[in-house]
Amino acid sequence: MTKEDITSIKQLLSTKKKIVIVPHKNPDGDAIGSTLGLYHFLLKNNQDVQVISPNDYPHFLKWIPGENTILKHDTDTDNCNALINNADIIFTLDFNAFHRTGNMESVLANSSALKIMIDHHQAPDDYATYTFSDVSMSSTCEMVYHFIAMLDQTKNIDQTIATCLYVGIMTDTGSFRFRSTTSTTHRIIAELIDKGADNNAIHNNVYDTNSYNRLQLLGCALSNLKIIPESRTAYITLTQNELNKFDYKKGDTEGVVNYALSLNNIIFAAIFIEDRQEGIIKISLRSKGTFSVNEFSRSHFNGGGHNNAAGGRSELSMRKTIEKFIGILPSYNKALNND
Ligand code: 5GP
Ligand code: MN
């Protein structure tokens, strides 16, 4: 984002505009935290703002300030489409290609609103008038902080905005442990705490509100864990029947793949989750070091993301998907064993 871009955006926001903010489908902590952080910031700038999510999000995000104002496109389509078609400006946060919003793809692509992208995923599309894209960033929430700083408005960050931004930095960095966590990330976090973000309460709200069923499902996932030592790979499967057995709720499998990656000497981890309704196997991939799961997913599983965290999908059965995965791995053995 250039100085000229910032000047133009300041000019744009100097008068009241109709603004819609959109996260990706199946929004996570960073997607909800960043859209709501920006929402509260724009409200303070006297803007007319609405967050529209493609669909619902997990229970452990349903306490974030302003969360109850979010509209869901899948269950409120006409109303959401009207807002999008009437918008002057659409911010797209935590994604960089319209197809990542699922069924919102066409209404976004056809809208004549000015688009502003704030995102940290690889290979951004070029739909936005102003693109703030940086793959080195820990999170979109960190980028929203930088965006506010570029507008010279950090003084306007209050406890509400600080809380929203803290959530996404915390969740996207695995609680400040992933490689993308820098000293700047920590300085921003320190400032957010100074502005009133209650770090202890936020961790508690996100991580310590599990249901008994969710922990039992985790137990099931861990008992399905398989290791392929020669590829330094571990993977987990969860079938629809297993999800049903433990009364699966959205978000219950979040973070489970990290247990596979926590094994000694394992640098590549995958979880395969059956979704019978969509007729797919949803895949989450994680790695340590230089092995790019973004490239792996783009090449074989119709997805993408970051070097060390990506998602994908398979339209084969669970058995065939696992066969495919295991079949592909040997061609990566060199890359998986080189550090
Ligand atoms: P998760 O495994 O948690 O669903 O996703 C890991 C990371 O990859 C997240 O940053 C997510 O936004 C991104 N991601 C997940 N699925 C896809 C996909 O299909 N395409 C792209 N480009 N990114 C994805
Ligand atoms: Mn993110």
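**Figure 1. The S9–S10 hairpin and its positive-phi glycine.** Gly 279 takes a positive phi near 70 degrees in the hairpin of S9 and S10, where 4 residues lie between the strands. This is a predicted model, in which local features need pLDDT of at least 70, side-chain atom pairs count only at pLDDT 80 or more, and totals for chains, interfaces and linings use all residues. Residues are numbered from 1 along each chain as its sequence is written, while chains are lettered from A and ligands numbered from 1 in the order in which they are written. Helices (H or I, at least four residues) and strands (E, at least two) are DSSP runs, numbered from the N terminus. Strand S10 (residues 280–287) runs antiparallel to S9, and 8 bridges join them; two strands pair if DSSP finds at least two bridges between them. Look for Ala 270, whose bridge partner in S10 is Leu 285.

**Figure 2. Strand S9 and its parallel neighbour S8.** On this side, strand S8 (residues 233–238) is joined to S9 by 6 bridges, and the two run parallel. Ile 236 has Ile 271 of S9 as its bridge partner. Strand S9 (residues 268–275) has 7 of its 8 residues buried, so the rest of the structure largely encloses it. Here a residue is buried if 20 or more other C-beta atoms lie within 10 Å of its own, exposed if 12 or fewer, and partly exposed in between, with C-beta atoms placed from the backbone.

**Figure 3. Glu 274 and its contacts.** Glu 274 sits in strand S9 and counts as buried because it has 21 C-beta neighbours inside 10 Å. With neighbours within four places in sequence left aside, Glu 274 is in contact with Leu 238, Thr 239, Gln 240, Ile 281 and Met 318; contact requires C-beta atoms, placed from the backbone, to lie within 7 Å. Between Glu 274 and Ile 6 there are 44 Å, C-alpha to C-alpha, and the pair is 268 residues apart in sequence.

**Figure 4. Two asparagines with positive phi.** Asn 46 is found in the loop between helix H2 (29–44) and strand S2 (48–53). Its phi is near 65 degrees, a positive value in a residue other than glycine. Asn 46 counts as exposed because it has 12 C-beta neighbours inside 10 Å. Asn 265 lies in the loop between helix H11 (257–261) and S9, with a positive phi near 75 degrees, again in a residue other than glycine. Asn 265 has 8 C-beta neighbours inside 10 Å and so counts as exposed.

**Figure 5. The parallel sheet of six strands.** Follow the order S3-S2-S1-S4-S5-S6 across this open sheet of 6 strands, in which the pairing is parallel. Strand S3 (71–72) and strand S6 (130–133) are the edge strands, each pairing on one side only. Strand S1 (residues 18–22) runs parallel to S2, with 4 bridges joining them. Ile 19 stands opposite Val 49 in S2.

**Figure 6. The shell around ligand 1.** Around ligand 1 are His 24, His 121, Ser 284, Gly 303, Gly 304, Gly 305, His 306, Ala 309, Ala 310, Gly 311 and Gly 312; a residue is near a molecule or strand if its C-beta atom, placed from the backbone, lies within 6 Å of it. Strand S11 (304–305) and strand S12 (309–314) each supply at least two residues of this shell, and S12 gives the largest share, 4 residues. The shell has 2 nonpolar, 9 polar and no charged residues. In this scheme Ala, Val, Leu, Ile, Met, Phe, Trp, Tyr, Cys and Pro count as nonpolar, Asp, Glu, Lys and Arg as charged, and the others, Gly among them, as polar.

Figure 7. The protein chain is divided into domain 1 (3–207) and domain 2 (212–336), with bounds that come from an automatic or database domain assignment. Their C-alpha centres lie 27 Å apart. Contacts link 10 residues of domain 1 with 9 residues of domain 2. On the side of domain 1 that touches domain 2, the residues divide into 5 nonpolar, 3 polar and 2 charged.

Note on methods: Two residues are in contact if their C-beta atoms, placed from the backbone, lie within 7 Å.
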